[in-house]
There are 4 protein chains.
Amino acid sequence: MHFASDNWAGAAPQIVEAVAAEAARVGVAYGGSALDERVAARFSELFECEVAVFFVATGSAANGLAMSAVGCTGGVVFCHEDCHMIEGECGGVEFLTGGARLLGLPGAAGKLDIDALERAIAAFTPASEHNGRGMAVSLTQQSEAGTVYSLEEIRRVGEIAHANDMPLHMDGARFANALAHLDVSPAAMTWKAGVDILSFGATKNGCFAAEAVVFFDPSRAADMPFLRKRAGQLFSKSRFVAAQFDAYLRDGLWLELARHANAMAGRLRAGLAASNAAREAWPTTGNEIFAVLRRDNAKSLRTAGAEFHEWTRGGAEVADDEILVRFVTAFSTRPDEVDAAVEMLR
Amino acid sequence: MHFASDNWAGAAPQIVEAVAAEAARVGVAYGGSALDERVAARFSELFECEVAVFFVATGSAANGLAMSAVGCTGGVVFCHEDCHMIEGECGGVEFLTGGARLLGLPGAAGKLDIDALERAIAAFTPASEHNGRGMAVSLTQQSEAGTVYSLEEIRRVGEIAHANDMPLHMDGARFANALAHLDVSPAAMTWKAGVDILSFGATKNGCFAAEAVVFFDPSRAADMPFLRKRAGQLFSKSRFVAAQFDAYLRDGLWLELARHANAMAGRLRAGLAASNAAREAWPTTGNEIFAVLRRDNAKSLRTAGAEFHEWTRGGAEVADDEILVRFVTAFSTRPDEVDAAVEMLR
Amino acid sequence: MHFASDNWAGAAPQIVEAVAAEAARVGVAYGGSALDERVAARFSELFECEVAVFFVATGSAANGLAMSAVGCTGGVVFCHEDCHMIEGECGGVEFLTGGARLLGLPGAAGKLDIDALERAIAAFTPASEHNGRGMAVSLTQQSEAGTVYSLEEIRRVGEIAHANDMPLHMDGARFANALAHLDVSPAAMTWKAGVDILSFGATKNGCFAAEAVVFFDPSRAADMPFLRKRAGQLFSKSRFVAAQFDAYLRDGLWLELARHANAMAGRLRAGLAASNAAREAWPTTGNEIFAVLRRDNAKSLRTAGAEFHEWTRGGAEVADDEILVRFVTAFSTRPDEVDAAVEMLR
Amino acid sequence: MHFASDNWAGAAPQIVEAVAAEAARVGVAYGGSALDERVAARFSELFECEVAVFFVATGSAANGLAMSAVGCTGGVVFCHEDCHMIEGECGGVEFLTGGARLLGLPGAAGKLDIDALERAIAAFTPASEHNGRGMAVSLTQQSEAGTVYSLEEIRRVGEIAHANDMPLHMDGARFANALAHLDVSPAAMTWKAGVDILSFGATKNGCFAAEAVVFFDPSRAADMPFLRKRAGQLFSKSRFVAAQFDAYLRDGLWLELARHANAMAGRLRAGLAASNAAREAWPTTGNEIFAVLRRDNAKSLRTAGAEFHEWTRGGAEVADDEILVRFVTAFSTRPDEVDAAVEMLR
């Protein structure tokens, strides 16, 4: 019963095979191999436009370097107050950008509140050398609260960003889960909806370590080779990241893995709905579920071997004898794990 | 005939197997798994002392974070003018430390000249707020010029560093090759000789991406968890780096791989010695050879499919119709590749 | 009718004379003159304890370097959401510290809300490499909202900071105005109440440019000479800053100037209280007043030559035909200016 | 006998008067006053072209912010190995630019060697993400060795910079002394000779603290208001810097002061030429003289009250019983001081 995080999962067999096959070959280092180039081209196909793509080691690095690429002196990033850049990167964006400020905004269920966003941006309009200036808007798809922005919602955020001369960044650590849920094209969920830069994560969804920054306008990426290298994020044997992406994107593997994770979450949601001992804290749609449990039930569940994290954000009402927890499913979650947990929560 | 770089090599089968086996498991993320802990303990055994070890994505990250961990305002790092931190990291040390200066010093065949080191340090003694202060001494073992410091040479550098209240850092991107050549213990070549911090590289010697910073005095590493995370260098699925190191260090695999690479270099050296068309630019002892070739011979070699880089540093005498090149062997270099190259240089 | 800012004021005659007298002398540069040393000693006398004092160019530099001196990787500074470090320094603290985060907290009338402070700190306890760690607590005395913390209030904030192993920083851009209001000793309002580091501002209160960072525990300041120099904040002719402080602190000039500014604010407050056309937005006690005016009155006042800024923070209720404005008095404000403004607001 | 540094000098009476007069006035803060604007316009007149000018606190800040304004990721600044940015700013350029590297080049008597400059630049051509890229060329006029570049020499450096798409920066901490020596127009010695950005220093030549960054192409300065503010370098009472420049540039005061300092240096040079106990280490032309003295003579001179610094750079031949020293004259140096020193060196 592994629900602690999709980061706890292993790697999909197809990913393993691709890496193993590449291990037997010799190839140009630092991203110059034929495989690196082939995978870069595949990203352009996937997104139906010419993109610039840069592999990096972690999702935090993807976010930080994406922000660096659009950084400006005294820059302010408008994002959700619970987003990963604020909550889980140890000041990495601030550091990698040389001092940008993350302005955390409220918003129900992990999604930016449009009014709050507009008000916050207005406070920096016009740009002033005294309090700084807007630099980027960032949203997380699937959000940290397990919710998914609709295309219309992304478009609205993008319009606001662009009307204020800022790019829109999407933190896509769980991009595949969101895409699988919306069942739209990668292009539709990104540049067609106004996204300018994407942190494209594959690690959580079946890879070892495969993260990339994707620029939908390659001219914005002119500095990225230097930014990435300077941050110690250019793999010498870049081929092995390329190999992971190659298998990941081939024949729709990535969406298949994400659909499985989402289906397992759906199965768990259904179980919770039928339970008296637990309830969803708010509706979710991807591979994360936030549930309010009675403390004794949570304890029993843990004793029985289930792994999950307590959660402190999101604003759910939680009684004294209750606890808010997060369940995350992964490509490798088995139906019997879910069923066992549901059974215990009956 | 792959002699471009050990970074062009693939990965050893044992490394592949270890990663594949781990892929089927679920484990705690961010370095908290039993495997991560086991491998950390193994590093302490290997070095015969309690060490603090931190996995990172690249050798550049290892160097930059090692320097950050000992950084000081206005700090100056004394290192060889041809070292990787100066020549190949796009200002990464300067960036990750928030502005340290790398002071490149001369020295024959890639090794620090002791007199130059002492003079350079003296210019910063006593520390002054005007021109800055010494922060660390760094040497590269095996050096960028394919040479290896003797234990006595390391000790001498360490004494100078310590006499001036600075730690000694060793960039060990090719640590195994140097160790295999000296045939001493890891402890002997590091802390027993005065090394305080080590960038321990395994990627070049048969791994996919396995680099670590090793602190021989763990108290120096108190800030490292934060430094690493902030730089986007903490792998979520850290287990897969641990798995590589686990296999790498088991049953002496790492030294076996390095000895093979060194032996292949030795075979090439012997071939060059017998050649009229090429000569060693300076004596080397690890898995790198620097050779002066006639331009037409170099061209023929390339035409025949050999890969190698032209070199511009090191101070060899090269006539107008000659070219200085670097040959690097790897764990995967085959004797027949070497022999084919030697044959062509006859 | 100059009420725009105390930064618009000139300099007191005694300050001018001191600088002029020093201009005729030759003296050691970079802070090494006898005058520099004498003034440094005077700070220790003033605060009744051995302090380390560093002159810098601006209040923003004082704040930023103070934070740098206590900086840590992934550090978070707990401060009021309307404080100058957040609202008026263009990301200077983030930049000078290499990426610290300013966590803006609510609080009525510009003063930190104790509960909000404790909750915010708790979210970073224990320290985690994922979301960072507490680095300092900062309060502004006199606050940006023209209010003054009582000694008891400072003590309470200091206790919380210290209980969480953080130093307490006081931004004292208007230190003299607050001190004159409380009528206590400099020691009482600082280290005796728990303040560890002070940005001591004199520019607003009659100097040209005289700002200092004061460390009540000099051992904390070991890095400051380097931090200051590296930031381009060490004046070569430091003597001329020293000369300003020398005159400023002599015979109580500084408090005399502040008392005058406060008295002028009191006179204006009294006028507002008697006015039908304006009201104080919230009670203030130093040299700043925040008033809600009818828009037409504000316009008339401006037409008549009065200078003041519109204000957007602080949470006062302002009707559509009203405007929130800030009036600031200075050491040079004349009673007749105040009376003229009051007359117009009748 | 004050020859330690022009930084030890006081301030010229005209500067004092200008500041004193301004002290009695009220004016807009942060550079928005009529005086600030008038002085900015005067810089454009002075240089016979539209310039963007930014006042800052110190010469180090001017250099660091100038470099920041043209900074790039992985950037390298080509400059003389003995220049102030390398020798006297505690890593300020590295820090303020977020990690640029200063590449110190050799050159006789403090002036860049053209061949060394071209070779160094060539090593970074074409730009590579591995070893970084050229960012700026910087020269110091008057140089740190008391020498002055001819217009032709500046033009040659500028051509090389521009041919490699880099701006040419001039550190003009002693700009007036060099200009007075060459007796050409400010335009001729700067943008007409290829200079793009100038650190314009007035502090050493009779001001309290008046330094500015001048951009000859204002479009390059778009980021400067933010860079300056973020670094804590925007004076609130900027008027008092403007007042210094106003008096400094009025009626040729600045050149008059510089000519006096240069004349005093000339008087000292003549005295040294006639001396048996000392000799010039190399020919100088501004307000600095580098002399080799017998140690006993240097000691006697010091005992008699003369102040001067020992020097360690520049490459002069100095016997064991000799010492290399620097004499600096200032606007306030008196002929009798010079004569007394000369008398002692007879």
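Mentor: Quick definition before we start: helices (H or I, at least four residues) and strands (E, at least two) are DSSP runs, numbered from the N terminus. This is a predicted model, where local features need pLDDT of at least 70, side-chain atom pairs count only at pLDDT 80 or more, and totals for chains, interfaces and linings use all residues. Residues are numbered from 1 along each chain as its sequence is written, while chains are lettered from A and ligands numbered from 1 in the order in which they are written.

Trainee: Okay, which loop holds B:D251?

Mentor: Look at the backbone there: B:D251 isn't a glycine, yet its phi is positive, about 55°. Its loop belongs to chain B and runs between helix 11 (239–249) and helix 12 (253–273).

Trainee: Is B:D251 buried or exposed?

Mentor: The cut-offs go by other C-beta atoms within 10 Å of a residue's own, placed from the backbone: buried is 20 or more, exposed is 12 or fewer, and partly exposed is in between. B:D251 has 9 such atoms, so it counts as exposed.

Trainee: And B:A109, how many C-beta neighbours does it have inside 10 Å?

Mentor: B:A109 sits in the chain B loop between strand 3 (101–105) and helix 6 (114–122). Phi is positive here too, near 55°, in a residue other than glycine. B:A109 counts as buried because its C-beta neighbours inside 10 Å number 21.

Trainee: Switching to chain A, what is omega for the cis peptide bond joining A:T125 and A:P126?

Mentor: A:P126 lies in the loop between helix 6 (114–122) and strand 4 (133–140) of chain A. The bond joining A:T125 to A:P126 is cis, with omega at about -5°.
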